[in-house]
Amino acid sequence: MTHVHHHHQKSYYSSLRQLQRSIHTSLKNHIFSILHDIRVLNENVLLDRDQMNLCEENIFLNLRTGAWYDVVRGTAVGNGGNEHVQSPNYCYFQSKNGHSETMAFSTLRFNPHVLLSAVKHHAACIIDATRRGKIYPDSILKTIPIWITVLNREVLGWSDAKMETHMKYVSKSEYERAMQVIEGYRLPEAVIRKLRKEILSQIENLEEWIIPFLETSSPSQVHETTQQMDPQSKSKRLFLKPIFINPAHPYNVFDHEFDHLPVYLVSASETERESKQQGTYTYLPGAGDDMEAWTPHKDFSADVFWRNFTKIDPHEDMMEEDLKEVCLEVLENNSPQSIPPTMICNPTIFIAELMTSEYVDQYDLIIQLASPQILKQHRAEAKHVHQFSVCNSKKFRKSLQKNFDQILSCVQNASHRILIVSIDPQTDCFLAAYAIAIMLNLAVYEGSDYQTMRPEIGSWSATSEDLKSVCMLCQVDAPQNFLSRLLHKQMKKIVQR
């Protein structure tokens with residue numbers, strides 16, 4: 001009798017676990033939970049975008065979980081739009097860099113574009129999410145606040161700035177550890193100089209801002225103009241300030257003064273600790289997290305979903321299997337499309353993973369990279385499109401170095417926007433695009449005219465500090481690998497000219 005009782009009890013718990021597993025791996029539950037969260041964000045949390053100084057350009061989705069919470073495309077499809085709406089802006093702050101044992105300021109995920117956007121638009125917003133049981137992900141509570149504080153200290157000149165975070169959810173020991181990371185980190189001087197130059201180019205009315213690094217820099221015409229202003233007339237501080245927002249605590253414009261640059265850190269999901277039934281689906285907090293566990297295929301990404309939203313046409317009456325079938329169908333017919341080109345050398349050089357026809361009219365010079373076999377099949381679309389072969393073999397390094405001088409001569413004749421792009425997704429061409437873009441960045445480090453800057457380049461020594469600076473600005477992890485040796489060799493060639 002006892003044996004039978006234990007058998008039934010075991011079967012009950014086994015069935016319960018299986019039910020829970022089916023709820024938490026259901027594609028429908030995850031998709032509709034995400035759509036629910038986006039509605040809440042648009043109708044409540046981010047309702048006063050004008051008051052918050054937010055627009056499509058300064059709202060960032062934190063990869064990878066945050067990419068599902070696309071409030072821009074979510075608004076468009078909600079208003080009857082289609083998948084051709086502007087692609088979102090991404091950033092990448094890992095929660096891992098906020099964990100006590102791995103806490104760090106990441107040079108690989110440096111995200112300078114978020115800083116520059118915050119300066120240009122007087123604010124920035126970063127959206128992320130986390131699974132049930134937590135109000136905010138560690139990226140929002142620690143990783144990004146560490147990043148903000150380092151930039152405030154090192155770049156913007158607020159040398160005594162302390163980390164600001166939501167202390168209700170961060171322990172004293174974690175905060176002290178974060179401050180140790182911040183106080184022990186120093187940005188390379190070359191990175192600081194480049195960012196400050198780009199920051200000043202984004203500010204329209206310098207006289208309105210308190211900018212510490214102008215007060216301590218060597219005088220120039222713009223510095224003298226700023227220093228002569230009466231401090232009392234300056235109403236704003238060039239200072240990044242995190243503001244923590246979640247659906248239970250939306251932003252109230254009357255609670256804050258705009259005497260700084262707010263960085264809105266938005267946790268997208270509701271704060272329930274458990275799932276709950278919502279119509280024909282079960283609501284899951286942080287549904288965008290751990291996508292490998294619930295998407296129908298490893299290549300079914302947030303970008304694929306949003307670009308094909310009208311084709312998928314998700315509605316609550318859909319059955320689980322029907323939704324999976326249509327998602328797999330759009331994935332099968334999905335044409336490769338990369339994240340929009342990333343600017344790595346303001347204001348000229350961009351990189352992209354794959355070529356699209358729309359790029360032809362958007363750039364003054366396009367450098368296409370592919371294997372020799374692929375280039376035979378693709379002719380250049382226009383006079384300003386130049387093609388170079390990169391061998392997907394042991395000859396890769398030599399082919400990259402061989403092409404660089406030719407590419408550099410093309411760049412000298414380009415006026416503004418330069419795109420380096422792969423037309424061959426099956427080779428190392430995207431790595432080649434990064435490498436050449438970084439080398440071009442070295443060649444035009446302080447300006448866009450290589451010829452006029454050659455004397456300054458000629459005075460450099462090929463140090464790891466210089467290389468680290470460029471890699472940080474380009475968000476490429478290069479200092480200890482093959483790319484590092486390649487760039488050192490190319491830098492020496494430039495210096496020796």
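Mentor: Lysine 120 is partly exposed, with a relative accessible area of 44%, where buried means under 20% relative accessible area, exposed over 50% and partly exposed in between, computed with a 1.4 Å probe on protein chains only. The model is predicted, so local features need pLDDT of at least 70 and side-chain atom pairs count only at pLDDT 80 or more, whereas totals for chains, interfaces and linings use all residues. Residues are numbered from 1 along each chain as its sequence is written, and side-chain values use heavy atoms, with hydrogens and water left out.

The side chain of lysine 120 forms a salt bridge with that of glutamate 57, at 3.8 Å from N to O; the term means a side-chain nitrogen of Lys or Arg within 4 Å of a carboxyl oxygen of Asp or Glu. Because glutamate 57 sits in the loop between helix H2 (27–45) and strand S1 (59–62) while lysine 120 belongs to helix H4 (residues 112–121), the pair ties together parts that are 63 residues apart in sequence. Helices (H or I, at least four residues) and strands (E, at least two) are DSSP runs numbered from the N terminus. Glutamate 57 is itself partly exposed, at 42% relative accessibility.

Glutamate 57 also has a partner in histidine 121, for a polar contact of 3.0 Å joins their side chains; such a contact is a pair of N or O atoms within 3.5 Å, of which, within protein, one must be able to donate a hydrogen and the other to accept it, with residues adjacent in sequence counting only if both atoms are side-chain atoms. Histidine 121 lies in helix H4 and is buried at 18% relative accessibility. Apart from neighbours within four places in sequence, histidine 121 is in contact (heavy atoms within 4.5 Å) with Asn53, Cys55, Glu57 and Asn58.

By the same rule the count comes to 16 salt bridges. One of them joins the side chains of arginine 153 and glutamate 183 at 3.9 Å, N to O, and this pair links distant parts of the chain, with arginine 153 in helix H5 (residues 138–154) and glutamate 183 in helix H6 (residues 172–183), 30 residues apart. Arginine 153 is buried at 14%, whereas glutamate 183 is partly exposed at 40%.

Another salt bridge, at 3.6 Å from N to O, is made by lysine 194 and glutamate 198, which both lie in helix H7 (residues 189–202), four residues apart, about one turn of the helix. Lysine 194 is buried at 7% relative accessible area, and glutamate 198 is buried at 9%.

The open sheet has five strands in the order S2-S1-S3-S7-S6 with parallel pairing, two strands being paired if DSSP finds at least two bridges between them. Strand S2 (89–91) and strand S6 (240–245) stand at the edges with a single partner strand each, so one side of each is left without a neighbour in the sheet.
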